[in-house]
Amino acid sequence: MKIFLKAIYRLRNNACKSLIRKIWLGILGAKIGKNTFLSAVRATWPHQVQIGSRCILEPDIFFKFDGIWSPGPSILIGDGVFMGRSCEFNM
């Protein structure tokens, strides 16, 4: 029973962190779909990132945009995408 409660706590804790990351990236201009789980990700220009719904992103993903500033997203991730640990997207 104790192991089960620890697992539930970890899942709930990770879900809360994911929600906080989604809110923060949304404030910075990123567009993130519903039911998307975000681990620790980095983005040089968050407004250039759009992630679809039902996606899972593992830790250490880096969205790097080195181009000239422009409105709207340039890095588009579709619905239902899984991204493994330590991926880097350059634009």
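Colleague: Is Phe-89 buried, partly exposed or exposed?
Modeller: Phe-89 is partly exposed, at 26% relative accessible area. Keep in mind that this is a predicted model.

Colleague: How many aromatic pairs are there?
Modeller: The search of the whole structure turns up 1 aromatic pair. Its partners are Phe-63 and Phe-89, and they are stacked. The centres are 5.3 Å apart, with 15° between the planes.

Colleague: Which strands does that pair tie together?
Modeller: Phe-63 belongs to strand β6 (residues 61–64) and Phe-89 to strand β9 (residues 88–90), so the pair links parts 26 residues apart in sequence.

Colleague: And Phe-63, buried or exposed?
Modeller: Phe-63 is buried, with a relative accessible area of 2%.

Colleague: What sits over the ring of Phe-62?
Modeller: The charged end of Arg-42 does, 4.6 Å from the ring centre.

Colleague: New topic. How many cavities of 30 Å³ or more are there?
Modeller: The search finds 1. The largest cavity has a volume of about 50 Å³.

Colleague: Which residues line the largest cavity?
Modeller: Among them are Leu-25, Ala-30, Pro-46 and Phe-63. Strands β3 (41–43) and β4 (49–51) each give two or more residues to that lining.

Colleague: Last one. How many disulfides?
Modeller: The count is 0 disulfides. As for cysteines, Cys-16 is partly exposed at 41% relative accessibility. Cys-87 is partly exposed too, with a relative accessible area of 25%.

Notes. Residues are numbered from 1 along each chain as its sequence is written. This is a predicted model: local features need pLDDT of at least 70, side-chain atom pairs count only at pLDDT 80 or more; totals for chains, interfaces and linings use all residues. Side-chain values use heavy atoms; hydrogens and water are left out. A disulfide is a pair of cysteine sulfur atoms within 2.5 Å. Buried means under 20% relative accessible area, exposed over 50%, partly exposed in between (1.4 Å probe, protein chains only). Rings of Phe, Tyr and Trp (its six-membered ring) pair if their centres lie within 6.5 Å; planes under 30 degrees apart count as stacked, over 60 as edge-to-face and the rest as tilted. Helices (H or I, at least four residues) and strands (E, at least two) are DSSP runs, numbered from the N terminus. A charge sits over a ring if NZ of Lys or CZ of Arg is within 6 Å of the ring centre and within 35 degrees of the ring normal. On a 1 Å grid over the protein atoms alone, a cavity is a set of points where a 1.4 Å probe fits but cannot get out, and a pocket is an open set with protein on both sides within 12 Å along at least five of seven lines; lining residues have an atom within 4 Å of a point. Grid points are joined across faces, edges and corners, and a volume is the space filled by probe spheres set on the points.
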